[in-house]
Amino acid sequence: ELANRMSEKVSDVVKALMTNGIMATQNQTIDADTAELIIDEFGHNVVRVSDADVEDVIKVEEDKPQDLKPRPPVITIMGHVDHGKTSLLDAIRSAKVTEGEAGGITQHIGAYQVATEGGAVLTFLDTPGHAAFTSMRSRGAQVTDIVVLVVAADDAVMPQTVEAINHAKAAGVPMIVAINKIDKPAANPDKVRTDLLQHEVIVEKMSGDVQDVEVSAVSGQGLDNLLEAIALQAEILELKANPDRAAQGAVIEAQLDVGRGPVATVLVENGTLKQGNIFVVGEQWGKVRALINSKGERVKEAGPSVPVEVLGLNGTPEAGDVLNVTETEAQAREIAEYRANAAKEKRAAAGAAVTLDQLMANAKASESVSELPIVVKADVQGSAEAIVQAMEKIGNDEVRVRVLHSGVGAITESDIGLAEASGAPVIGFNVRANASARASANQKGVEIRYYSIIYDLVDDVKAAASGLLSAEV
Ligand code: GDP
């Protein structure tokens, strides 16, 4: 590759490497410094591609207000297991998408669009739960505009309901509460409403400003009300995008299809993605060979908030990867290669975990009021509450500890995901991380700290906070 770019013979480059003491073969990867030395020796100019260069190519000018048009909201459904997330997604889809379509064949591509009675278009992400939401967010793609929190009326608020609330809050995404299973004899929607109060979710019926809608995914009751509530929330948000520019989007899901090659479902965030566009997506690049919408139809283009399957990739990207249309194939390829190399180097330098001190430094750099986000897991509810209270007392006008989530039980992968997305450490009080959480923390570089004495924990956090304060003076 190096020889190629310099228009020199491969054998000459290998020879030059050998004279420098590097016994390289033709396809061996050499580090940047060595490459620079060799390029110098051949009398060529070195141009190092940097993060800044990459950003430059895919940087787009900010849209002028007059170019912005309303776009549909993107909705994620979250809630406790078995409260009806999947049923609700299916009910909405079958009630709306297949209307009037022969056979009612729907295609699962990871997201779908429906139109409400009032004429609003809504985009639903088809992977319910906060795991997908958080992993996307930790990769830099926050595509969700509205979270629908599903709570079963016969079960009320459960641990994962609380997790979902905290994930939505950490991401700053507004919520709508869908009180599901209203058809059941044991349904007690008011218990859901009062339970939610304890988690600072005050629904409209309790004089708050979070919309609550009673629904049944089984009977279909209340579905239209829910869709209208979402449309109303979307109106308040005034979501806009510019359809008349090169597309930017996020990968919702991707896989290697035996017949079609790598396929990615991309949610267009801004601009319009068109057949024939050249793009870079994460560490991959490609040229749009075909676009397929959630009804399984081939389309020529996809505008803001539209999910489409994209064919024509040279490799399989990951969920959460960002897609940018580029002008030339060379640009797309170069950025993809650069990112792949950077990722490789990063993996090699693994072990660079987020530490409490580092976090304080980051927090300091970001805002005038620094927030130290943490995730707390404890053995019993009493300890969890005591820790949250103690943490919230630490701080002043400049530094504040923000407990993103606190719960009872072992540290799980979901905790690690939330911590990673917000750059927080996870505190385990008399609890340990399970094996998958440990592996995930290692891989993502999330720090887990164990404590058995609240005082020790408070001390550590205080020390980090005061270190930050003195550094600011
Ligand atoms: P998820 O784990 O949140 O995705 O929940 P599911 O959608 O898988 O639903 C769990 C169970 O609750 C299934 O047996 C559903 O049939 C049932 N269920 C979901 N919604 C309703 C509802 O509105 N009414 C009744 N009676 N059952 C429901």
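So, the second largest pocket: its volume comes out at about 860 Å³. Quick note on terms: a pocket here is an open set of points on a 1 Å grid over the protein atoms alone, with protein on both sides within 12 Å along at least five of seven lines, and lining residues have an atom within 4 Å of a point. Grid points are joined across faces, edges and corners, and the volume is the space filled by probe spheres set on the points, the probe being 1.4 Å.

Keep in mind this is a predicted model, so local features need pLDDT of at least 70 and side-chain atom pairs count only at pLDDT 80 or more, while totals for chains, interfaces and linings use all residues. Numbering runs from 1 along each chain as its sequence is written, and side-chain values use heavy atoms, with hydrogens and water left out.

Back to that pocket. Its lining has 27 residues, and V162, N166, H199, H405 and S406 sit nearest the centre. Two or more lining residues come from each of α7 (159-171), α12 (381-393) and β19 (399-408); helices (H or I, at least four residues) and strands (E, at least two) are DSSP runs, numbered from the N terminus. By type, the lining splits into eleven nonpolar, nine polar and seven charged, where Ala, Val, Leu, Ile, Met, Phe, Trp, Tyr, Cys and Pro are nonpolar, Asp, Glu, Lys and Arg charged, and the others, Gly among them, polar.

Okay, salt bridges. The whole structure has 20 of them, counting a side-chain nitrogen of Lys or Arg within 4 Å of a carboxyl oxygen of Asp or Glu.

Take R5 and E337, with closest N and O atoms 3.2 Å apart. R5 is in helix α1 (residues 2-6) and E337 in helix α10 (residues 329-348), so this pair ties together parts 332 residues apart in sequence. E337 is partly exposed at 33% relative accessible area; buried means under 20%, exposed over 50%, partly exposed in between, using a 1.4 Å probe and protein chains only.

Next, K184 pairs with D154 at 3.1 Å, N to O. K184 is in the loop between β6 (175-180) and α8 (189-197), and D154 in the loop between β5 (146-152) and α7, so parts 30 residues apart in sequence get tied together.

And what about R193, buried or exposed? Buried, at 3% relative accessibility. R193 bridges to D190 at 2.8 Å between the closest N and O atoms. Both lie in helix α8, three residues apart, about one turn. Through shared partners, salt bridges join D190, R193, K205, D212 and E214 into one network.
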